Amino acid sequence: MATARQVLSLCAFLSLPHARAEPIRYSVAEESESGSVVANVAEDAGLAPAQLSARRARLLSEDGRQHLRLEPGTGRLVVAERLDREELCGQSATCTLPFELLLANPVQFFRVEVGVEDINDHAPVFPEERVTLKILERSDPGSRFPLQAARDLDVGSNSIQAYSISPDEYFSVDYGSQIKGKKYLELVLGKPLDREEQAEVDFSLIAVDGGSPPRSGTTQIHVVILDVNDNAPIFSQELYVGQVLENAPEGSVVLRVIATDRDAGINGDISYQISQAGDQSYSAFTIDPVSGEIKLTKPLDFETAENHELSVQATDGGGLSGICRVLVEVVDVNDNAPELVVSSFSSPIPEDALPGTVVALFTVRDRDSGSNGKISCGLEDQQSFSLRPAYKNYFELVTVSALDREETARYILTVTAADAGSPPLTITHTFTVDISDVNDNAPVFNQTSYTMYVRENNVPTVLVGTVGAVDADMGPNAKVTYSLIPAHLTQQPSCSCISVNSENGDVFVLRPLDYEQVRQIEVMVSASDAGSPRLSANVTIFLVVVDENDNAPLVLYPSQDSSSPSSELVPVMAEAGYLITKVVAVDADSGQNSWLSYHLLRATDPGLFVVGAQSGEVRLRRSVTERDAVKQKLVVLVRDNGQPPLSATAAMSALLLSDFSDMRLPHSSLATEDEGSSLTMYLIISLVFISLLFLMSTAAFVICKVCKRKELKNGHVLYGASNLQTNLADGAAAGTLPHAYCYEISLTTGSGNSEFKFLKPILPSLPPQLHATGGGTNSELDFPCGPDTSGDMEPDNPGMLSAEQFNSLSFN
């Protein structure tokens with residue numbers, strides 16, 4: 001990863017104007033040992049050694065091989081491995097190792113070229129250790145006989161500089177240059193040969209280079225002097241030039257050489273052969289020894305060698321020969337597709353990367369030449385990225401516009417490199433660039449606001465709804481958490497009765513709510529992601545409390561707080577429809593739960609009054625008659641429209657007066673009746689107690705009842721008459737019962753039922769003392785009681801009620 005970042009830094013800097021225009025040049029002798037110091041590159045680049053380590057200095061070469069290395073501590077450039085000039089550059093006159101010194105933070109590079117200097121580490125070598133030449137004895141002085149030159153892998157002054165013969169008196173050596181700088185070597189005859197005097201001549205041919213100290217190579221020359229054959233073959237041309245396509249198949253004919261010999265017979269028969277000095281190119285060619293056609297033995301490669309030089313020798317039957325030169329030019333064809341080598345590639349890149357960010361650095365090359373090696377690069381169908389030339393054949397893949405991961409999370413970039421050949425050859429390389437997320441999107445709620453409903457008197461922790469927000473980012477940047485915040489900046493923290501689940505946005509009401517106290521709560525929920533920095537969004541929740549029918553109607557008028565109900569005065573002359581009063585009530589609920597209706601529940605004379613169901617107005621249903629009681633009691637039921645309905649009662653009384661000056665009598669009567677009501681309650685308790693005693697003693701009296709059945713049929717049973725009369729007398733004496741009533745209780749054995757008979761007041765105008773004497777002719781027991789509150793009996797028509805009816809009565 002570190003290497004990728006350094007190469008990316010290099011490519012980003014290649015297009016900047018901070019690069020040194022001229023390279024720093026050094027030289028080093030070949031065969032230098034590993035660790036040999038070349039120079040102090042930091043000093044020459046104007047850098048302190050400490051900067052090299054701090055800025056992560058490194059060397060980059062085109063071929064990727066590290067022939068040299070940099071010592072960060074000293075800034076010295078040293079040899080990393082043994083340098084062999086012949087291996088690196090072959091026979092080239094110059095040998096240069098180019099590379100770049102790259103520094104990061106900030107990015108800076110220096111071009112450096114190190115020339116490898118040749119040393120004399122190779123001696124000349126002849127192709128053969130012994131060479132045999134056949135020369136006619138009649139050869140004229142000055143005749144030349146070609147030889148295969150020695151080969152020295154060194155160049156320049158270290159290559160072969162001279163040849164010499166030792167010892168010989170007939171020949172000398174001529175060494176010089178021919179076509180395209182190729183060297184030739186020929187023996188020159190110095191004086192005529194005489195076979196009869198000397199049939200063979202032997203001497204050494206020595207090649208000496210120009211090194212210090214010089215090196216030499218030797219071959220033995222054996223000259224056989226031939227007799228009589230005095231005409232050597234002659235070629236039609238001294239130089240043959242042919243062209244062949246590099247993709248020509250094996251066996252293709254390159255050209256044909258022609259030589260003639262004026263001799264006849266065997267001395268005129270010519271055979272051809274290829275002789276080559278200097279390299280092994282002749283191995284790619286063969287010549288027909290009879291026809292002289294030169295053919296390919298293997299395909300040629302223009303990128304390896306652009307031309308081949310051959311020496312063709314024609315030899316007749318007498319041993320005489322002639323030499324011609326053949327130059328084979330290899331014609332380039334577009335047989336090499338471009339190559340794309342990625343030096344650096346960064347993926348993923350953040351979506352907030354600025355335009356111009358370098359994503360990849362790569363180099364392209366083509367081994368062909370001319371237009372076949374001219375390369376163009378293109379990026380297919382892409383608007384967010386482009387290619388930018390960097391340095392030499394380097395290209396940068398850079399961003400040209402802002403990126404958005406939420407729109408496109410991955411880019412498939414196809415780079416095409418094509419040469420200018422015909423037809424062009426192309427290569428494609430695909431870069432898959434992932435875009436990493438940054439927290440650039442705040443959560444978004446699925447609604448602009450939320451309205452939730454909860455019924456009042458709800459159970460604690462009831463779920464009333466859910467808020468939801470999504471974040472277009474990914475990973476932690478998209479993890480949304482929810483929290484409550486004040487609805488307004490100046491507001492205190494949100495209502496403690498509402499809670500929101502931080503994970504899923506569920507909204508809960510923590511405690512029961514009362515619609516009559518609060519009808520709507522407004523809170524704000526914040527959705528925050530987990531990015532850095534955090535982004536958030538707010539939404540308002542309106543919690544509406546739904547009313548339930550939990551409040552009974554409240555009677556405002558007539559007031560029910562006093563011990564005695566209010567009394568309304570009604571003139572006896574009032575006609576039907578006369579407005580007596582109006583019941584006013586309110587309900588704290590809302591909606592239909594607060595719709596009130598009014599109904600007459602009880603009245604002393606129900607047929608006399610009517611209540612408006614909606615208005616609560618109490619009116620006369622009919623005109624007042626003489627038979628109507630002066631004191632009328634009414635109970636009005638006020639009921640709401642809830643489910644289930646709740647109700648309240650309003651008790652009141654109406655006084656039917658002919659003259660409003662008689663108001664005192666009814667009021668005192670009302671007080672007496674109220675006191676009687678309390679006494680009636682005590683009577684009921686007494687009766688219940690007596691009933692319990694009766695039930696407990698039933699078992700004990702069963703036998704007695706059987707024995708005395710006839711007596712019980714004709715008799716009346718009186719319970720505590722003397723006590724009751726005494727109590728009644730005492731009560732009357734106290735003045736609590738100004739209008740006494742008598743109640744007669746009869747128990748009949750025949751029916752087996754106990755019946756209570758209620759009588760109307762006896763002589764209501766008599767003083768209480770008369771009632772206390774117990775004077776009466778009835779066998780029934782008279783009980784002084786309170787006023788009649790049943791409202792179901794006519795005062796002038798006393799009646800008899802059963803025990804069940806009596807127990808069902810409600811006494812106020």
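**Salt bridges, strands and a surface patch**

Arg410 is exposed, its relative accessible area being 52%. The structure is a predicted model, in which local features need pLDDT of at least 70, side-chain atom pairs count only at pLDDT 80 or more, and totals for chains, interfaces and linings use all residues. Residues are numbered from 1 along each chain as its sequence is written, and side-chain values use heavy atoms, with hydrogens and water left out.

The partner of Arg410 is Asp434, with which Arg410 forms a salt bridge whose closest N and O atoms are 2.5 Å apart. Because Arg410 belongs to strand β30 (residues 410-419) and Asp434 to strand β31 (residues 426-436), the pair ties together parts that are 24 residues apart in sequence. Strands here are DSSP runs of E with at least two residues, numbered from the N terminus; helices are runs of H or I with at least four. Asp434 counts as partly exposed, at 24% relative accessibility. A salt bridge requires a side-chain nitrogen of Lys or Arg within 4 Å of a carboxyl oxygen of Asp or Glu. By this rule the count comes to 14 salt bridges. Side chains of opposite charge can pair when their charged atoms come close.

Two further pairs illustrate such contacts. Arg144 and Asp174 form a salt bridge with their closest N and O atoms 2.4 Å apart. This pair links distant parts of the chain, Arg144 lying in strand β9 (residues 144-147) and Asp174 in strand β11 (residues 171-177), 30 residues apart. Arg144 is partly exposed at 43% relative accessibility. The side chains of Asp202 and Arg130 also meet in a salt bridge, at 3.6 Å from N to O. Here too distant parts of the chain are linked: Asp202 is in strand β13 (residues 200-209) and Arg130 in strand β8 (residues 130-136), 72 residues apart. Asp202 is partly exposed, with a relative accessible area of 43%, and Arg130 is partly exposed as well, at 47%.

The strand pairings form the next topic. Strands of a sheet pair through backbone hydrogen bonds, either parallel or antiparallel. Two strands count as paired if DSSP finds at least two bridges between them. An open sheet is formed by 4 strands in the order β1-β7-β6-β3, with mixed pairing. Its edge strands, each pairing on one side only, are β1 (24-29) and β3 (58-61). From one strand to the next the twist averages 30°, where axes are lines fitted to C-alpha atoms (for helices, over the stretch in contact) and angles run from 0 to 180 degrees between N-to-C directions. The antiparallel strands β3 and β6 (residues 96-103) are joined by 4 bridges, and Ser61 has Phe99 in β6 as its bridge partner.

Strand β29 (residues 394-399) is mostly covered, with 6 of its 6 residues buried. Both faces are covered: Tyr394, Glu396 and Val398 are buried on one side, and Phe395, Leu397 and Thr399 on the other. Strand β26 (residues 358-365) runs antiparallel to β29 and is joined to β29 by 5 bridges; Val358 has Val398 as its bridge partner. Strand β28 (residues 385-389) likewise pairs with β29 in the antiparallel sense over 5 bridges, and Ser386 stands opposite Val398. β28 and β29 form a hairpin with 4 residues between them, and Lys392 in the turn has a positive phi of about 55°.

A parallel pairing of 7 bridges joins β33 to strand β40 (residues 536-546), in which Leu543 is the bridge partner of Met452.

On the surface, Leu554, Leu556, Tyr557, Val584 and Val586 form a nonpolar patch with about 420 Å² of accessible area together. The elements giving two or more residues to the nonpolar patch are β41 (554-557) and β44 (584-586). The largest share, 3 residues, comes from β41. Patches consist of residues with over 30% relative accessible area and no salt bridge; nonpolar side chains (Val, Leu, Ile, Met, Phe, Trp, Tyr) are joined within 5 Å, and like charges within 9 Å. Accessible areas come from the Shrake-Rupley method with a 1.4 Å probe, and for residues only the protein chains shown count as cover. Val584, located in strand β44, is partly exposed, with a relative accessible area of 35%.

Terms used. Buried < 20%, exposed > 50% of the residue type's maximum accessible area, 1.4 Å probe, protein only.
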